[in-house]
Amino acid sequence: MDWQITGDRPVYLQLIEQLELAIAAGEYSPGARLPGVRELAAQAAVNPNTMQRALQELESRGLLASQRTAGRCVTGSGEAIAALRGRLAAAQAALFLERMGQLGYSRAESLAFLQPAGSPQAGGAGERTAADRAQAPNAPKEE
């Protein structure tokens, strides 16, 4: 797993988010055993206590299960993983719409960027409308 830890937020929250993403993406499949706390901490270059805190939080959320002799495993509940994936996807969609709104795009215009290229609805995400050109008069003109 490729850990990306920054100094702008608490480390344990970043660990939780990255582990959730790995579980949702299938990097750790349902029922899979996780490496031990010390091994994960070494991989992420964090204090083992910080990693332990993140893993305990994931346990309390029902995404990990502790087994006395076998360590921690990802939940076998497909519903819990599907709910996680849905929550993460909804957060990304909301962030996308918020950022597009900051650029001046309406919700409908923003969603058009998500349509497959060449779709009759979208007209291709790369095409600029007259309104787009009016908002950016110094942008290169299309021929």
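## A network of salt bridges

Glu20, Glu57, Arg61 and Arg87 are linked in a network of salt bridges. A salt bridge here is a side-chain nitrogen of Lys or Arg within 4 Å of a carboxyl oxygen of Asp or Glu. The model is a predicted one, in which local features need pLDDT of at least 70 and side-chain atom pairs count only at pLDDT 80 or more, while totals for chains, interfaces and linings use all residues. Residues are numbered from 1 along each chain as its sequence is written, and side-chain values use heavy atoms, with hydrogens and water left out.

Glu20 is buried, with a relative accessible area of 3%, whereas Arg61 is partly exposed at 40%. Buried means under 20% relative accessible area, exposed over 50%, and partly exposed in between (1.4 Å probe, protein chains only).

## Other salt bridges

The count of salt bridges comes to five. One of them joins Arg9 and Glu17, with 2.4 Å between the closest N and O atoms. Arg9 is partly exposed, with a relative accessible area of 35%, and Glu17 is partly exposed at 38%.

Arg72 and Glu59 also meet through their side chains in a salt bridge, at 2.4 Å from N to O. This pair too links distant parts of the chain, with Arg72 in strand β2 and Glu59 in helix α3, 13 residues apart. Arg72 counts as buried at 11% relative accessibility, and Glu59 is partly exposed at 26%.

## Helix α3

Helix α3 covers residues 48–60, which makes 13 residues. From its first C-alpha to its last it reaches 18 Å, close to the 18 Å expected at 1.5 Å a residue; the expected span is 1.5 Å times one less than the number of residues. At the start of α3, a side-chain oxygen of Asn47 comes to within 2.6 Å of the backbone nitrogen of Asn49. Just after the helix, Gly62 takes a positive phi of about 85°.

The buried residues of α3 are Met51, Ala54, Leu55 and Leu58. Seen down the axis of α3, they fall within an arc of 95°, so they line one face of the helix; the arc is that of the directions from the helix axis to the C-beta atoms. Their cover includes α1 (11–24), α2 (37–44), β1 (64–67) and β2 (71–74). On the face turned away from the buried side, α3 carries the exposed residues Asn49 and Ser60.

## The protein overall

The protein has six helices and two strands. From the N terminus on, its elements run α-α-α-β-β-α-α-α. Helices (H or I, at least four residues) and strands (E, at least two) are DSSP runs, numbered from the N terminus.

Of the 143 residues of the protein, 26% count as buried. Among contacts (heavy atoms within 4.5 Å) with a separation of 6 or more, 43% come from residues 24 or more positions apart. The protein exposes about 9300 Å², and carbon and sulfur atoms supply 53% of that area. Accessible areas come from the Shrake-Rupley method with a 1.4 Å probe, and for residues only the protein chains shown count as cover.

Key. A polar contact is a pair of N or O atoms within 3.5 Å; within protein, one must be able to donate a hydrogen and the other to accept it, and residues adjacent in sequence count only if both atoms are side-chain atoms.
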